[in-house]
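Trainee: I'd like to zoom in on one part of this model and go through it slowly. Could you take me through it once I have it on screen?

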Amino acid sequence: MRLDTDPYLARYAARVRGMSASEIRALFAVASRPEVVSFAGGMPATSALDMEAVEQVAAQVIRDHGATALQYGGGQGRAELREQLATVMHHEGIPGHADDLVVTVGGQQALELVARCFIDPGDVVLAEGPTYVGGIGALVANQAEVRHVPMDADGMQIDALEEALAVLEREGRQAKYVYTIPNHQNPAGVSMSVERRHRLAALAETHDLMVLEDNPYGLLDFEGRTWPSLRSMIPERVIYVGTMSKTFAPGVRTGWVAAPRPVRDKLVLLREAADLCPSNLTQMIVETWLTTQPWREQIKRFTNVYRERSEVMLAALDRAMPAEVAWTAPQGAFYVWLTVPPGIDTSDLLAKAIASRVAYVPGRGFYGDGTGGDQMRLCFSYPPTERIDEGVDRLGELLHTELELVRAVFGDTTPPLRARSSQRGGSVGG
Amino acid sequence: MSEPDRLSPTNVAVLCGGISLEREVSLRSGGRIADALADRGHHVTRVDVDAALITTLEQGGFDVAVLALHGSAGEDGTIQSLLELLGLPYTGPDVLASSLAWNKPIAQGLYARAGLAVPQSVGLSQQAFREMGATAAVDRIARALGSPLVVKPATGGSSLGLSIVEDPAAIPQAIVGAFSYADTVLIERFVAGTEVAVTVLDGEALPAVEIQPKEGAYDFAARYTAGATEFHAPARLDASTLEACTRTALTAYGAIGARHVSRADMIVDAAGTPWLLEIDTCPGMTGTSLVPLAAEAAQLPFAALCERLVACALRDAQDQS
């Protein structure tokens with residue numbers, strides 16, 4: 001007798017067949033336990049919000065506009081909110097009109113809608129390597145082929161992008177778009193230099209490229225600096241994604257996409273097919289937050305928290321890490337990207353880390369091609385500073401011991417780097 | 001196997017979760033057991049094992065604890081010791097049987113003594129590498145065991161940390177990886193053949209389940225993604241081979257002194273010899289797990305299987321007192 005554990009298998013669409021259970025995701029079930037210092041999830045410090053103000057805002061929405069807030073709304077999102085979101089863009093020096101915008105359920109829905117709008121199975125998207133797990137997830141779920149462009153301290157290497165474009169040309173193919181997180185990139189923690197932004201914009205023109213500019217962290221610079229956006233350089237080639245998750249709260253699930261009009265129209269139709277409309281309730285909470293509260297001050301309060309936590313983490317890393325370990329020094333947002341010496345595999349090491357009560361995200365999750373086994377992402381945005389010290393100490397001790405073990409096991413041979421098959425369809429927050 | 005008489009309503013604590021690396025699988029097993037027992041009219045509490053465990057159990061007024069704790073504390077005898085101390089009846093093998101099965105090198109020695117075929121293996125501790133230069137012996141081990149070979153942690157389940165290594169140059173990396181899950185690694189001869197799991201339920205073998213992953217090895221993804229693996233029960237083997245598999249499972253169950261339930265994982269080679277890999281004393285009970293599949297093949301619905309385990313625990317506790 002044949003026993004079926006999934007009697008629906010033959011009925012599934014091709015795009016979900018590759019989706020499978022992952023041991024890394026299973027390990028995160030332990031990482032969420034309070035005993036573990038988790039540098040894994042990219043979670044904003046929502047406790048730094050003025051909760052009394054949030055309470056007033058929410059109460060006001062229900063009291064004054066309850067019937068509307070609890071009603072269906074339009075697929076593009078409320079015009080009043082879009083006006084406010086355009087103001088948030090202007091605060092960062094990014095051009096945009098309310099009418100260009102579609103309100104989405106977090107930035108993630110925007111990434112998914114854009115993928116659904118442009119990707120046929122097998123289409124190529126060029127993305128930074130490493131890049132956001134959820135960005136890869138949206139692409140893989142739509143059967144895109146993700147090709148990575150390496151990064152350095154100045155962001156995506158434009159020479160490498162040119163090479164990747166040349167390879168595609170030789171194959172007689174064209175990238176559907178270039179996916180980039182130019183500001184305080186997740187997970188690398190670096191920003192694209194101004195010079196490279198101009199080069200990318202110029203390449204987009206000469207190669208007839210579209211660019212997906214994902215900007216969750218642009219307002220979280222520790223010094224309050226802002227960067228010129230790609231949208232301001234080549235507006236007709238850029239689809240821009242913003243979110244209130246980091247400047248207000250991820251719990252309101254409010255993001256947006258700004259796109260050239262014909263694309264915007266398609267995105268509205270796609271979103272109506274997916275979930276009809278965004279929640280009026282949370283839209284009105286965000287709208288009221290932005291019109292009645294000092295939201296710019298709140299962003300400063302957030303960045304002060306993140307700057308302090310990043311300083312504590314960087315100091316702890318200096319103190320605790322073996323000399324062979326390298327990491328990036330973020331100027332904003334949430335992340336430190338850490339590279340370990342050959343022989344240590346960060347996917348394997350996660351089990352030991354969790355046993356030592358500290359968690360991170362192994363590097364492989366940020367690549368679609370199985371590379372990144374010698375890297376990990378540390379997120380400092382959520383744990384309080386004393387927990388950061390504790391967690392980095394545990395991780396440092398672990399890496400010291402692991403290095404000794406690697407030397408003992410490998411003897412004189414040089415450990416090679418190992419690639420693995422990609423993990424598909426996974427998302428680990430942030 | 002027919003359904004036993006319905007069990008009278010019982011106050012059950014399903015122990016699951018905890019801080020083990022197999023926490024997620026354990027929560028899935030535990031959730032499924034809890035739902036099934038609740039549907040049968042029992043009073044069920046899910047207990048996620050944490051520092052408050054003893055208080056929770058002392059104050060809960062439970063009749064019995066169902067163990068769905070995978071990984072070290074649930075399977076190495078730790079939780080069993082605590083439950084003995086509290087005098088709370090529990091499902092599955094006792095302290096000694098659990099700790100024997102948990103340590104693969106010890107367990108394999110016992111199985112071999114009982115006359116079972118066990119793949120040749122070498123256990124190496126971290127200490128052996130750090131202080132005794134074991135690296136120098138790896139080539140020798142590789143030559144002795146042939147290629148490919150299996151590198152795995154000496155304790156633990158769900159094939160976490162397990163690699164099948166073809167290229168001898170990749171052995172050190174596989175060893176370092178396995179050390180992430182245990183202080184000792186086993187380097188084992190690879191047996192090619194049919195993967196078979198035999199569940200022993202209260203001293204009686206259920207139909208052997210054949211495991212055939214649709215792609216690659218029976219790894220974590222193949223274990224816990226519904227539909228990723230094809231199962232056949234009984235395994236598509238001739239009668240005498242099936243009989244040998246059953247005998248192997250029952251002998252191993254006896255060798256460690258198991259009770260209530262255990263699952264024997266083996267590989268049947270081309271000559272029809274079942275090579276015993278390990279006994280799992282707290283086997284998975286998820287929707288893709290082998291013990292529930294074996295029970296299904298024996299016409300024993302999942303809820304009845306859970307009740308049967310509860311009944312075993314209550315019976316044995318009564319026998320003792």
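Trainee: Let's take the crossing of H3(A) and H11(A): is it left-handed or right-handed? Please give me the close look, and then what surrounds it.

Mentor: Keep in mind that this is a predicted model. The crossing of H3(A) and H11(A) is right-handed. On the H3(A) side, the contact uses Val57(A), Ala58(A), Gln60(A), Val61(A), His65(A), Thr68(A) and Ala69(A), and these meet Asn280(A), Leu281(A), Met284(A), Ile285(A), Thr288(A), Trp289(A) and Thr292(A) of H11(A). Sorted by class, that contact holds eight nonpolar and six polar residues, with no charged ones. As for the geometry, helix H3 spans residues 51–69 of chain A and helix H11 spans residues 280–292 of chain A; their axes come within 10 Å and cross at roughly 130°. An angle over 145 degrees would count as roughly antiparallel and 65 to 115 as roughly perpendicular, so H3(A) and H11(A) are oblique to each other.

Now step out to where chain A meets its partner. Here 33 residues of chain A are in contact with 36 residues of chain B. Strand E1 (2–3), helix H2 (23–31), helix H13 (346–355) and helix H14 (385–410) of chain A each put at least two residues into the side that touches chain B. H14(A) gives the most, with six residues. By class, that side of chain A divides into 17 nonpolar, six polar and 10 charged residues. There's strand pairing across the two chains as well: E1(A) runs antiparallel to strand E11 (residues 229–232) of chain B, over two bridges. In that pairing, Leu3(A) stands opposite Phe231(B).

Over in chain B, you'll find 13 helices and 13 strands. One piece to look at is an open sheet of four strands, in the order E4-E7-E5-E6, with antiparallel pairing. Its edge strands are E4 (121–125) and E6 (163–165) of chain B, each pairing on one side only. From one strand to the next the twist averages 20°. E5 (residues 149–153) and E7 (residues 184–189) of chain B pair over five bridges, and Pro153(B) sits opposite Val185(B) in E7(B). Helix H8 (residues 135–145) of chain B packs on this sheet, touching E4, E5 and E7, with its direction at about 35° to that of E7(B). Helix H9 (residues 171–178) of chain B lies across E5, E6 and E7, at about 25° to E5(B).

Finally, the overall dimensions of chain B. A compact globule of 321 residues would have a radius of gyration near 20 Å, and chain B, with 19 Å, agrees with that. Its C-alpha trace spans about 60 × 45 × 35 Å along the principal axes.

Methods. Residues are numbered from 1 along each chain as its sequence is written. Chains are lettered from A and ligands numbered from 1 in the order in which they are written. This is a predicted model: local features need pLDDT of at least 70, side-chain atom pairs count only at pLDDT 80 or more; totals for chains, interfaces and linings use all residues. Axes are lines fitted to C-alpha atoms, for helices over the stretch in contact, and angles run from 0 to 180 degrees between N-to-C directions. Angles under 35 degrees count as roughly parallel, over 145 as roughly antiparallel, 65 to 115 as roughly perpendicular and the rest as oblique. A crossing is left-handed if the near helix is turned anticlockwise from the far one by less than a right angle, and right-handed if clockwise. Two residues are in contact if their C-beta atoms, placed from the backbone, lie within 7 Å. Ala, Val, Leu, Ile, Met, Phe, Trp, Tyr, Cys and Pro count as nonpolar, Asp, Glu, Lys and Arg as charged, and the others, Gly among them, as polar. Two strands pair if DSSP finds at least two bridges between them. The radius of gyration is taken over C-alpha atoms; the globule rule is 2.2 Å times the number of residues to the power 0.38.
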